[in-house]
Amino acid sequence: MARAARELNHYYLPARIRGRKASEDDFSCRIALAERLAGLAGIRTIEDGSSPMPGRVDVILQAPDSLVRRPHEAILLCRIGRDGIAIFGLNEWDRHQVLRGGWGRLVSDHVVMHLPRDFEELEVCWGVLQRAYRYLSDLSAQGRPARKTPPCNLPRFSRTSLQ
């Protein structure tokens, strides 16, 4: 059974040290992460305008329009907030690595990753966000796939008239 090269490219994260205190550079790490995200192609940011101090920034991936008649949809890559980075574009393996290493927690359809406390953690966060960016870029280039419904959620029909 042959697998695609993308599936074999596994990513392993080191374990996050819980007891480490935030350094004095934690704010500059967050700014550096935001600057790196803004430097990616096709990225647009939307700040939460409900308060004078933005508490949340949505990072949107807008695929470049090609020669196709229908423009591509904007896809939410991540949401940076006070409590962490909600990453929406991770495949199952990368999501598992984030959870296994203690870098975040699972919330319904996405992972909320802890904010970086120092420059070492900044590199880990940046690597995870790059993987999500590449995954969503590939999906937008192929077109949005249909949502997979697990078989247990499909309706059951009877062939008899005794329903």
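## A tour by salt bridge, sheet and loop

Select arginine 36 and glutamate 123. Their side chains form a salt bridge, with the closest N and O atoms 2.8 Å apart. Arginine 36 lies in helix α2 and glutamate 123 in helix α4 (residues 119-142), so this pair ties together parts that are 87 residues apart in sequence. Arginine 36 is partly exposed, at 28% relative accessibility. Glutamate 123 is partly exposed too, at 42%. Keep in mind that this is a predicted model. The structure holds seven salt bridges.

**Next, the sheet.** Select the six strands. They make an open sheet in the order β1-β2-β3-β4-β6-β5, with antiparallel pairing. Look for the edges: β1 (43-47) and β5 each pair on one side only. From one strand to the next, the twist averages 25°.

Show residues 26-38, which are helix α2. This helix lies across β1, β2, β3 and β4 (85-87), and runs at about 170° to β3. Then show helix α3, residues 92-100. Helix α3 lies across β5 and β6, at about 130° to β5.

**Zoom in on β2 and β3.** Select residues 56-62 for β2 and residues 74-81 for β3. These strands run antiparallel, and seven bridges join them. Which residue of β3 is the bridge partner of valine 57? Select isoleucine 80 to see the partner.

**Stay here for aspartate 58.** Is aspartate 58 buried or exposed? Aspartate 58 counts as buried, because its relative accessibility is 13% and the cut-off is under 20%. Show arginine 79 next. Arginine 79 forms a salt bridge with aspartate 58, and the closest N and O atoms are 2.7 Å apart. Arginine 79 sits in strand β3 and aspartate 58 in strand β2, so the pair ties together parts that are 21 residues apart in sequence. Arginine 79 is partly exposed, at 27% relative accessibility. Arginine 56 is partly exposed, with a relative accessible area of 36%.

**Last stop: serine 108.** Find the loop between β5 (104-107) and β6 (110-113); serine 108 is there. Most residues other than glycine have a negative phi. Serine 108 counts as exposed, because its relative accessibility is 69% and exposed means over 50%.

Conventions: Residues numbered from 1 in each chain as written. Predicted model: local features only at pLDDT ≥ 70, side-chain atom pairs only at ≥ 80, totals over all residues. Heavy atoms only, no water. Helix = DSSP H or I, 4+ residues; strand = E, 2+ residues; numbered from the N terminus. Buried < 20%, exposed > 50% of the residue type's maximum accessible area, 1.4 Å probe, protein only. Pairing = 2+ DSSP bridges. Axes fitted to C-alpha atoms, helices over the stretch in contact; angles between N-to-C directions. Contact = heavy atoms within 4.5 Å. Salt bridge = Lys/Arg side-chain N within 4 Å of Asp/Glu carboxyl O.
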